[in-house]
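Subject: Structure for your review

Dear colleague,

Please find below the structure that I am passing on to you. I would be grateful if you could look at it alongside the notes that follow.

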Amino acid sequence: MSKLTRRQLLVFFGASAGTVVLAPALENKLFGSNSNVAKAIEPLKFTPVRLPHPLPIYQQQPSFLAAGNGQGQTLNPSGDTRLTSYTVLDDVVVPPEYERYVIVRWGDRVFSNKEDYVGFNSDYTGFIPVDGRNPNDGYLWNNHEYVSYPFALLTPEAPNDLAPFPTAYEEVVGGSLPSGDPALPTLAQRLASLTPQQRRELYGEFLYNMGGSIIRISRQDRSGRFQVVSDPKNRRIHTLSGLGINSERSDGYQSVTSWGGKSYQQGDKNYLIGTGPAARDVFEQVNSDGLGNRIIGTGHNCSGGTSPWGTILTAEENFQATAPTATSTNSFLGVTEAVRSNGTQTGYTAGTTGAEFGQVGEKYGWITEIAPADPNFRPRKHTALGRFRWENIALRVEAGKRLVTYMGDDRRGGHTWKFVSKGIVNSPTSNENSALFEEGTLYVARYNADGTGQWIPLYLDADTNPTPPSVLASVEIAALGRATNNGLNRLPRRNGIAGQTTDGGAFNVTTANESTTLPDYQGKKLSAFYTSQGAVLVDAFLAANLIGGTPTARPEDIEVHPRTKEVFISYTDGAPGSDGYPDSRIFVVSKYSSAVNATQPSGSLFKIIENSPDGTGDTFRWERFVKGGEAGAEIGDGFANVDNLAFDSQGNIWGVTDMSTSAHNGFNVGAAARLTNINHTVVGSVVEGTSSDLNVQTSDLIGVFGNNWLFFIPTSGPDAGEIIPFAYGPVRCEMTGPTFVGDTLIISVQHPGEQCPFNPQQSLNRDIEMLNLDGTLFTQNRTVPRGSNWPSNIEGNPSGPPKPAVIGIVRKQPSGRFV
């Protein structure tokens, strides 16, 4: 059962102290009155999926061990939950009481222009009913985050040994994409060998495959399956939407208005606009593209939110780009993140898509509002909410109160944010609420080790008070005598500050140089580093470090509980990296002991409780609910790298995992699929001499968990607080964007088969050491396909290409609700 006591569980889910001491039956009324308490406390109505690793729920409930499509066996509960062998399936595996089906997939042509097609790497999903109420007919919004192999050969960071293998674009979309000189030994060299026209075609198709798709879906009744409906409002909004306005420029980009000869590759005038301080202070005053407040496209769209007034808020995440080198393609798919004190980019980064199409960096990295049902609503980027590597947005919209939103900056050392509007919500469903995003206050969270916290406003006159790296890293230093990356804290680079001679970008403060450099950053105002409020918001991450916001453990998703209004946060990974160091007083950043069952730095689920009833105050309390890591670890609840969250109609928590593709099942990516080092005696966080963001030593331990999966945490009943596996995804995929529509769960399957060959398919096998529930080690033999053929393999083409897709999951015997 759960490691939480019943009292801890009640307190975490918002029950009052009086409830805790009353009759146990009241435990099932945590979210208000319920006329049918008997239903609330019934045992599970489905059989949890059996994952490769031990979990306490398998001691209490039967579990389903899948052996193929719709095939498998039910295992009885047992005190010994070890499996000495496990075969991973290349499919979406759900409990036997449910079925899964594909709604729409990459490459589907469901738009009025039959050359247009659904983009790649599905992520966040949102559903807007056509009539505002009917859950059986509406517009599906689907984010498309990025491209990766096998989309095409020259995608960022594809392993060099994939060059001889087929790619998916030709079969799915048709035609071919440039792949460079085949005689060259590295993909980076092949990328550099492209002609200018080939590079533009390749880069353009990459950017077209990001952004989002609007697709009408419907079903006849609740027992049916959602299907795509032909509708003139079905359309794409992508990273090059509005490229046609380049013709109005005078900086050399006026001829860059297309990337190929097909109709959808011609630049249109469907540009976006900016709102708020950065639009006024930066876009319209000092940016260099000459387009003022007009913006070409939205891209790198990760998670998001759906407003009560029928719009989608899509989050631009990893927009930052680095130039390809002689040996690596790096992340050329993006724009320049670094900006100067006035909020404009330091310059185009050569070799990137931003430089190719003239996309200035300060116009990307925002929350973007889109109205699926209203093509006349011009999408807009709301700059009052700040520019960072957006993961999500969660809204609190109540009549007569200010609009409150919560957001996460998904990077190592990224921040947790809140925005409070200046104006008041009149009606939660009014379209006028969109204007509330245009003016208000952006706050960054400061966590205190005693469970309290403050919201610090990012005003131009805010005091600077950066946290010293030695303080951020104090727990790791005390345990190991050293700090990963020397406790890195990044601050704005300014000429004359800490010996710097240039303006713009970031300056690294560490335990090695803090005594000589940090004093130059202390005791000032943000106005000493930025020329306007808009510039502060463009550089929100560094500005937040400067005023003492807490660097955190990659906040991947934040959701507001629909009844208690408490703020649930999934911090996916505590390991430090090249962007910053999570505060070790709050987060587990490293493995501090060689004990095999020592706590692992693999994320956790937190909760913020606002001290103000309406969420607009500047103080809060925080708690950690469940901790990532194997269930047999000293502190661990049996999952790793929790990402997107969702609440069902009963207030239960649903979460997906986001384990790195390069560690799934203990095999690295590429054709060679070399074994990763799964050794429970490792100490620390990163391998010395390698990139901390890509080679976190203790992250190899996540190989025990297999594929990424979807879990369920009941908040009432006999299994309350348990981690209950509901589904796992195809090989090398991530399950993202869970959305409940009536009794159906709509969810994306992102990047199946990422960075691995799909044809010919090979079966891999290895032994993996893992923890039993008692904290001792045992060995399991694991068999797994090298890459993925999903969903081709369930649609009659067993050797076909993998395709990111949106699926529906529903009970075989409908009950009126999902669980």
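The second largest pocket holds about 1,300 Å³ of space. Please keep in mind that this is a predicted model.

The lining of the second largest pocket consists of 50 residues. Those nearest its centre are Tyr124, Thr306, Phe647, Thr739 and Phe740. By type, the lining residues comprise 23 nonpolar, 17 polar and 10 charged. Several strands contribute at least two residues each to this lining, namely β5 (122-129), β12 (301-306), β16 (390-396), β23 (555-560), β27 (642-647) and β31 (734-741). Strand β5 gives the most, with six residues.

The chain as a whole

The secondary structure of the protein chain amounts to 14 helices and 35 strands. Along the principal axes, the C-alpha atoms fill a box of roughly 70 × 60 × 55 Å. How does the radius of gyration of the protein chain agree with that of a compact globule? For 819 residues, a compact globule would have a radius near 28 Å, and the chain has 25 Å, which agrees. Of the 819 residues, 63% count as buried.

Helix α7

Helix α7 covers residues 196-208, which makes 13 residues. From its first C-alpha to its last, α7 reaches 18 Å, close to the 18 Å expected at 1.5 Å a residue. Its buried residues are Leu202, Tyr203, Gly204, Glu205, Phe206, Leu207 and Tyr208.

Residue Val94

Val94 is found in the loop between β3 (85-87) and β4 (98-105). Is Val94 buried or exposed? Residues under 20% relative accessible area are taken as buried, and Val94 has 10% relative accessibility, so Val94 counts as buried. Apart from its neighbours within four places in sequence, Val94 is in contact with Val49, Phe64, Glu99, Arg100, Phe726, Ala727 and Ile809. Val94 and Arg621 are 527 residues apart along the chain, and their C-alpha atoms are separated by 37 Å.

With kind regards

Methods
Residues are numbered from 1 along each chain as its sequence is written. This is a predicted model: local features need pLDDT of at least 70, side-chain atom pairs count only at pLDDT 80 or more; totals for chains, interfaces and linings use all residues. Side-chain values use heavy atoms; hydrogens and water are left out. On a 1 Å grid over the protein atoms alone, a cavity is a set of points where a 1.4 Å probe fits but cannot get out, and a pocket is an open set with protein on both sides within 12 Å along at least five of seven lines; lining residues have an atom within 4 Å of a point. Grid points are joined across faces, edges and corners, and a volume is the space filled by probe spheres set on the points. Helices (H or I, at least four residues) and strands (E, at least two) are DSSP runs, numbered from the N terminus. Ala, Val, Leu, Ile, Met, Phe, Trp, Tyr, Cys and Pro count as nonpolar, Asp, Glu, Lys and Arg as charged, and the others, Gly among them, as polar. The expected span of a helix is 1.5 Å times one less than its number of residues. Buried means under 20% relative accessible area, exposed over 50%, partly exposed in between (1.4 Å probe, protein chains only). The radius of gyration is taken over C-alpha atoms; the globule rule is 2.2 Å times the number of residues to the power 0.38. Contact means heavy atoms within 4.5 Å.
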